[in-house]
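Work through the exercises below with the sequence and the 3D structure open. Each task is followed by a solution in steps.

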Amino acid sequence: ITAVVVSAVALATAAPMGAAMALEPPVGPAILTVAGAITHHNRGAFDSTEDLLFAYHDYSFDHAARFDLAMLEALPSQDVSVSYAGWPRPAQLSGPWLRDVLAAAGATPKEGLTAVALDGFASEISPDDLAAQDWLVALKRDGRPLDLGGRGPVWLAYARRDGKVADAEDEGRWPWAVFLIEVK
């Protein structure tokens with residue numbers, strides 16, 4: 001299954017810019033949906049009867065890219081150490097770069113993106129913010145999968161490039177329990 005997922009992700013990211021292309025559907029439950037300005041997708045339009053979480057948060061789309069855990073894990077994994085003044089120790093996070101997830105969906109955020117958490121928290125990430133930091137789609141913390149209720153299953157975060165400990169502004173921009181990324 002992993003080879004099929006890797007091949008599907010590689011095939012989708014090899015398409016010419018602007019070419020609409022289907023992405024292989026997830027085998028397991030989708031844990032992350034990327035919608036908006038994308039060219040690779042594996043599901044159709046928002047359905048108000050079936051897509052209750054999207055409807056609850058007032059999001060809809062014409063098509064989207066759904067990713068299960070295996071699809072995200074098939075992308076090159078990165079490890080970063082994230083520190084915050086209020087934490088007892090740094091968190092060792094691992095998962096793919098956000099830019100790799102966006103590439104798999106055929107996304108080029110011209111106006112940035114919105115990362116939406118299960119509780120409705122939405123983090124607006126501008127193109128400048130995307131370029132200024134190496135955003136990680138964290139799937140694990142300290143080697144263990146992120147659970148619901150424990151910032152998971154998907155947490156967007158970054159280690160500051162200047163090496164400083166993250167401050168409240170940084171930590172406030174790290175949405176956890178992300179289920180939707182809307183590309184603008």
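**Exercise 1: a salt bridge across the chain**

Arg99 has a relative accessible area of 46% and is therefore partly exposed; buried means under 20%, exposed over 50%, and partly exposed in between, with a 1.4 Å probe and protein chains only. The model is predicted: local features need pLDDT of at least 70, side-chain atom pairs count only at pLDDT 80 or more, and totals for chains, interfaces and linings use all residues. Residues are numbered from 1 along each chain as its sequence is written, and side-chain values use heavy atoms, with hydrogens and water left out.

Step 1. The criterion for a salt bridge is a side-chain nitrogen of Lys or Arg within 4 Å of a carboxyl oxygen of Asp or Glu. Step 2. Step 3. Helices (H or I, at least four residues) and strands (E, at least two) are DSSP runs, numbered from the N terminus. Step 4. Asp134, at 24% relative accessibility, is partly exposed.

**Exercise 2: a network around Arg160**

Task: determine which residues are joined with Arg160 into one network of salt bridges.

Step 1. Arg160 meets Asp162 in a salt bridge of 2.7 Å, N to O. Step 2. A salt bridge of 2.7 Å also joins the side chains of Arg160 and Asp170. Asp170 belongs to helix 6 (residues 168-172), and Arg160 to the loop between strand 12 (155-157) and helix 6. Step 3. Shared partners join Arg160, Asp162, Asp167 and Asp170 into one network. Step 4. For accessibility, Asp170 is buried at 6%, while Arg160 at 22% is partly exposed, as is Asp162 at 45%. The structure holds ten salt bridges.

**Exercise 3: the nonpolar core**

Task: state how many residues the largest nonpolar core has, and what Val34 touches.

Step 1. A nonpolar core is a set of buried Ala, Val, Leu, Ile, Met, Phe, Trp, Tyr and Cys residues joined through side-chain atoms within 4.5 Å. Step 2. The largest one has 42 residues, and those with the most contacts inside it are Val34, Phe67, Leu93, Trp174 and Ile181. Helix 4 (residues 98-104) gives the largest share, four residues. Step 3. Leaving out residues up to four places away in sequence, Val34 touches Ala64, Ala65, Phe67, Val101, Leu102, Ala105, Ile181 and Val183; contact means heavy atoms within 4.5 Å. Step 4. Another core, of eight residues, lies apart from it and includes Phe54 and Leu180.
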